[in-house]
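Here is a walk through the model, starting with how its chains are arranged and ending with a couple of individual residues. Keep the viewer open as you read.

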Number of protein chains: 2
Amino acid sequence: MLESGARLGPVEVAYETYGTLNDDGTNAVYVCHALTGDAHAAGHHGDPDRRGWWDNLIGPGRPVDTDRFFVVCANLLGGCQGTTGPASQDPATGRPYGLRFPLVTVRDLVTVHRALLGHLGVGRLAGAIGGSLGGMQVLQWAIDHPDDIAAAMMICSSARLSAQNIAFSAVAREAIMRDPDFQGGDYYGTGRSPDTGLSIARMMAHITYLSEASMREKFGRRLQHGDAPRFDFRVDFQVESYLQHQGESFLKRFDANTYLYMTRVMDYFDAFGDTAAAAPPGPGGTATRFLVISFDSDWRFDTEHSREIVRHLQAWRVPVTSREIASPWGHDSFLLEIPEYHRTVKAFLARAADETGV
Amino acid sequence: MLESGARLGPVEVAYETYGTLNDDGTNAVYVCHALTGDAHAAGHHGDPDRRGWWDNLIGPGRPVDTDRFFVVCANLLGGCQGTTGPASQDPATGRPYGLRFPLVTVRDLVTVHRALLGHLGVGRLAGAIGGSLGGMQVLQWAIDHPDDIAAAMMICSSARLSAQNIAFSAVAREAIMRDPDFQGGDYYGTGRSPDTGLSIARMMAHITYLSEASMREKFGRRLQHGDAPRFDFRVDFQVESYLQHQGESFLKRFDANTYLYMTRVMDYFDAFGDTAAAAPPGPGGTATRFLVISFDSDWRFDTEHSREIVRHLQAWRVPVTSREIASPWGHDSFLLEIPEYHRTVKAFLARAADETGV
């Protein structure tokens, strides 16, 4: 049963785990992935070139230390990397859902995470962590189920998108849905898919993931071929080549319908907007400790987004630590090994685990 | 003869004038339009709903005072509002140029402006003014022909685009050129045109013309229909509706090929990049006075772009006045009636005209 009232099932969930669950099931850390992530957060399955997207954060001796913690990461509901989503077969019709897949919410994503933990025998989480959309899941989870999580960590996340955030998502969806190969979402098995729209969406998104300064440093006005500009419409500047590559390579691993669903999940998310969340989450308050991290050059979800989360949590008088970390790399910073950021996560998680006796 | 060495001709130029040229031809002000502008800068041709795009700046008693000045504005070379451009007939083939239209440069745009002034009997300009791409033309003009312009005014302009600027343009062009209706640029007369690509480009550009704060103020997270979200993929937030409207209405007045050419003109522009411009523009310096204005909330061409212009001009020891003006409206500010901005332009232009005896 989804938040919208729609029913969906059965649901398959693709997940990975790292480290070992202790006997009393108290050392688990849940990793929530962002818009285009997947369950492969860490390790490399024997191919060192295919390291998980958060491998610098998760592993033996790393901030999310797999020598101490049992780490779980699952592909999101509505995803395209193993968990049931719009490309999955609708049992009612025997065909892929396409746009008949119900619109899910962040709360629905959390419902699936919790079901997975039940299946794995995990009790209370030592921690939950996520960046961007991942942080939204952690926040919703901690609000709705204050007993579930000891340490809730939201990295460059948001309690609700701004008009500009929604605008970028809206243009991305337009590019996908108006691609003639989109076919109303029923492109599976037709030999055509909205590759143009999806790569345009990805290229545009990539601009918003980097800061202007990091783009200047990385590419400047440097040309791709030699010193002389070509003066035509082909790729000429290095930044054009980079974006084209990002757009193309994305097609190999991502499904356009999932892009629609995940961006819309984010548009509608409003953690403190509904009345249920407008009051403290229980008579005794929450036992969750919160860590809210932003990066000073992130203009996709700037520090003001994090401040809004902090203001609400402080009004509830729950323990919240917030840090704005200096980094030139924009929104993408949450994926990078930035010493102060990693030190902060490591210390926060370790302290919460010490205090709860993990 | 274009800067690239290509030849193009004959060239038609669509232009408008306001006010009256004085007997010695010294009271002219040239208005250079931006990416999607046209020659209709002021007045309304009898239809008050069709006022020119800079009508608040140009007119009797306004900052560019048509009681005193003779104002000229022409559609740019490569444009789609009357001046020869990619939709014009190529005399060599009898068909529209399409992408066989030569890639022009800001210098080429200025060459056409100067030819028009010769035709109109205008001598030295009392002033030249432009915002964004318009300011690039003014800057190039003043550098190459220091005797042409008494008062050169660049509003939220740039001496060269940043990697992020180029990136947005590159994605816009991708959206247009990968639209199946683009047909390699030869869509004229086929009954199909790359409307999807062009409207995606326009929607994305619009996000960059507004500041995040002004989008928040204008739209926030308000819904288009009632209070309850629809939870689907149709337009639901007001900001989505606004962008769709901008994308659609743009199609009625603009040509996709011109969008390609004008964005590429901007990508390649580098006012101080070539060696010819790396030295002062003459033994006695220039007689041009410069005014460089930026807006504090403009993130398309932020104040750093203006500062770069100022730094170069100051190194040449030419008189330059620069102002960063407070405005919440982002890049679009140059089109709006912001008192401090308009006062600054008015005073600067009037003083330069007084001193040169107009």
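## How the two copies relate

Turn chain A by 180°, with a shift of 0.0 Å along the axis, and it lands on chain B with an RMSD of 0.0 Å. The two copies are therefore related as by a two-fold rotation axis. Both copies use the same surface, too: 100% of the contact residues of chain A recur in chain B.

Bear in mind that this is a predicted model. For the complex, the predictor gives an ipTM of 0.94 and a pTM of 0.96. Chain A has a mean pLDDT of 95, with 97% of its residues at 70 or more.

## The contact between the chains

Chain A puts 40 residues into the contact, and chain B puts in 40 residues. On the chain A side, the elements that give two or more residues are helix H3 (163-177), helix H4 (195-209), helix H5 (212-218), helix H6 (238-251) and helix H7 (256-268). Which of these supplies the largest share? That would be H3(A), with 11 residues.

H3(A) has 15 residues and reaches 20 Å from its first C-alpha to its last, close to the 21 Å expected at 1.5 Å a residue. Is this helix largely enclosed or largely open? With 14 of its 15 residues buried, H3(A) is largely enclosed by the rest of the structure.

Over on the other chain, H4(B) has 15 residues and reaches 21 Å from its first C-alpha to its last, close to the 21 Å expected at 1.5 Å a residue. H4(B) is mostly covered, with 14 of its 15 residues buried.

## Domains within chain A

Chain A is split into domain 1 (15-161 + 270-355) and domain 2 (165-264).

You'll find B:Gly189 in the loop between helix H3 (163-177) and helix H4 (195-209) of chain B. B:Gly189 is exposed, because there are 9 other C-beta atoms within 10 Å and 12 or fewer counts as exposed. B:Gly189 and B:Pro96 are 93 residues apart in sequence, yet 9.4 Å apart in space, C-alpha to C-alpha.

Now jump to A:Glu337, in the loop between strand S9 (320-325) and helix H9 (339-355) of chain A. Buried or exposed, what is A:Glu337? A:Glu337 is exposed, with 12 other C-beta atoms within 10 Å. Leaving aside residues up to four places away in sequence, A:Glu337 touches A:Asn56 and A:His342. A:Ser193, in contrast, is 144 residues from A:Glu337 in sequence and 35 Å from A:Glu337 in space, C-alpha to C-alpha.

Methods
Residues are numbered from 1 along each chain as its sequence is written. Chains are lettered from A and ligands numbered from 1 in the order in which they are written. This is a predicted model: local features need pLDDT of at least 70, side-chain atom pairs count only at pLDDT 80 or more; totals for chains, interfaces and linings use all residues. Copies are superposed by least squares on the C-alpha atoms of residues with pLDDT of at least 70 in both. Two residues are in contact if their C-beta atoms, placed from the backbone, lie within 7 Å. Helices (H or I, at least four residues) and strands (E, at least two) are DSSP runs, numbered from the N terminus. Domain bounds come from an automatic or database domain assignment. The expected span of a helix is 1.5 Å times one less than its number of residues. A residue is buried if 20 or more other C-beta atoms lie within 10 Å of its own, exposed if 12 or fewer, and partly exposed in between; C-beta atoms are placed from the backbone. pLDDT is the predictor's confidence in each residue, from 0 to 100.
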